[in-house]
Amino acid sequence: MCGIFAYTGKQQALPILLDGLTCLEYRGYDSAGIYIPESGVVKSVGAVDNLKKKIVLPMPGNSGIAHLRWATHGEPTEENAHPHSDSSETIWIVHNGIIENYKELKEMLLTKGCTFYSSTDTEVLAKLIGYYMEEKKDFEKSVLAALNDTKGTYGMVASYKNEPNKIIAARQGAPVVIGLGNGENFVASDVSPILRHTKDVIYLLDGDVAVLTPNNHTIYNLQNISIDRKTEIIEWDIEEAKKGEYAHFMLKEIMEGAEVVENTIRGRLIVDEGIAKLGGLDAVAEQIRTKKRIIIVGCGTAYYAGLVAEYMIEEFVGMPVEVEVGSEFRYRKPIIDQDTIVLAVTQSGETADTLEAIREGKRKGALTLGIVNTVGSTISRETDAGIYNHAGPEIGVASTKAFISQLTALALLTLFLGRQRGMSSSTGKMIAEEIKKLPQKIKEILDKKEEIQKIAKKYANSRDFLFMGRKYNYAIAFEGALKLKECSYIHAEGYGAGEMKHGPLAMIDENFPTFAIVPNDSVYEKNISNIQEIRARKGKVIVLTNEDNEEIRDMSDDIFIVPKTVEMLSPILNIIPLQLFAYYFAIERGLNVDRPRNLAKSVTVE
Ligand code: G6P
């Protein structure tokens, strides 16, 4: 949600800034802008390509700041595009987050004679820094003073025309990473644009302010006291964050499915003993043993991973599980005590509502755990312990490989918890063996992707779609519908098959197709009846199953067959054809799947 990037060093800043923005494009594409102290500012509506067209070369300078906007305050216009400046137009800032007290700050600044050109909260912060500059005549002190007046969230970078080599970055509630190079330093919202320059990074914590010049970095807190932050080395490879041979990140990331499961389970599965070894939970293993219930919190796709986990854990561990979206959990009065585990599931580790849910859990004495993909992210740091996904960077806005990895990690967690609490070693072995076989089965599905492409082509003119599943695949119906909505902007609903008669069946006619997720499991017969009910209303049915028989072929307009696995793991296989379906459906309609309109990859505002 908004991407910020900055550079100070010895190279020409312009290509580095544009390249950084291109890497961050998944965070926002409502508008883009750059500021290079020696050359000035350029802004445009839309994404980086539009910005490039507006740039008049040469634009010399060895430092600069850049921004991609996902609009919160004010429409996506050029006036509202970042960077924003103070009244003297010598200080410019880029910002990700929301300045909550911007109205009162703006009123104060208006009385001091400031004129505002945009309707953004960011311009208020820029003008406030300028206001302090008049009095303090010191860039660092003025930034610090302004931040001390500010309530809300920010990941921000400021640049000053008269000290072109210095950039100041600050963090409060929105991610900021510093990249430490040789004679050059970087700032970004996440590591992806930094990786091509350096693997040495510092994650700023809330309240940190970093002052960077090409050869130096110093970090202060808001009280201007210098602090030490650890340098970390990023393991991700730059190639992982590139599209490679694929037309889109979304397809590339779906096609990584088998590898992603391998990476998530690597070193963690001891099949002979039927156990999962989760190093990240070692330190709290004994505490976990004493807990009585689990609350899983996530947003979007991560929430649906949590719903699947509820079924896994309750069936195989016997612990009560509740699953909730972060934005509900944090605003009601959830019952949490010291017997509770609050488990966050999150790809980015930065989703504002999930983060607040974890903080709320902590305040109430719960043990907090995370299943997080982004190493070093806020949630990974603030939870007591956790499991990293090791899925590699996910760039496609609609989450695909991270979901596969989340389900796999949750299956490992189920095994871990189950074996702590009475799951037999034979059941443990059975689950471990089946988890181990997943990568091969995923490959088999991906090898048949053209079948899904054909089906997507056939239905690409549909305006509505229903996804129906039961039990373990109940959440997969929601996730299948979510993928289609995100990528194609059509009306898609996920429904529990048993709920069809309570409403959705009324919508079904020959123009309202259904994707029925029907593995041959403990609810197979029930699902078959639901398919019949749809067909009796002339509804078209695409069947997704692991059973190939005449009966099911007869009742399907189209069919896709996945390999068999145990019921609890079937969501991991079933979601892949649905992800591919959403991808090809959107491609058929000529849409940019990597950048769905109005959405952003990481939702760092409430
Ligand atoms: C956004 C993304 C989704 C993602 C959700 C939660 O909506 O577009 O793909 O599932 O945020 O993100 P998280 O990083 O917490 O998993």
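Helix α18 (residues 550-554) supplies the largest share of a negative surface patch, three residues. This is a predicted model, where local features need pLDDT of at least 70, side-chain atom pairs count only at pLDDT 80 or more, and totals for chains, interfaces and linings use all residues. Residues are numbered from 1 along each chain as its sequence is written, and side-chain values use heavy atoms, with hydrogens and water left out.

**The patch**
- Glu 525, Glu 550, Glu 551 and Asp 554 form that patch; patch members have over 30% relative accessible area and no salt bridge, with like charges joined within 9 Å.
- A salt bridge here means a side-chain nitrogen of Lys or Arg within 4 Å of a carboxyl oxygen of Asp or Glu.
- Glu 550 sits in helix α18 and counts as exposed, at 65% relative accessibility (exposed is over 50%, buried under 20%, partly exposed in between, using a 1.4 Å probe and protein chains only).

**A buried glutamate**
- Over in helix α11 (residues 352-363) you'll find Glu 360, which is buried at 15% relative accessible area.
- Its side chain makes a polar contact with the side chain of Lys 364 at 2.5 Å (a polar contact is a pair of N or O atoms within 3.5 Å).

- Leu 57 to Pro 58 is a cis peptide bond, omega near 0 degrees, and Pro 58 lies in the loop between α2 (48-54) and β4 (63-69).
- His 82 to Pro 83 is cis too, with omega near 0 degrees.
- Tyr 489 isn't a glycine, yet has a positive phi of about 60 degrees; this residue is partly exposed, at 26% relative accessibility.
- Lys 538, also not a glycine, has a positive phi of about 70 degrees and is exposed at 59%.

How values were computed:
Patches are made of residues with over 30% relative accessible area and no salt bridge: like charges are joined within 9 Å, nonpolar side chains (Val, Leu, Ile, Met, Phe, Trp, Tyr) within 5 Å. Accessible areas come from the Shrake-Rupley method with a 1.4 Å probe; for residues, only the protein chains shown count as cover. Lys and Arg count as positive and Asp and Glu as negative; His and the chain ends are not counted. The place of a charge is taken as NZ of Lys, CZ of Arg, CG of Asp or CD of Glu. Helices (H or I, at least four residues) and strands (E, at least two) are DSSP runs, numbered from the N terminus. A polar contact is a pair of N or O atoms within 3.5 Å; within protein, one must be able to donate a hydrogen and the other to accept it, and residues adjacent in sequence count only if both atoms are side-chain atoms.
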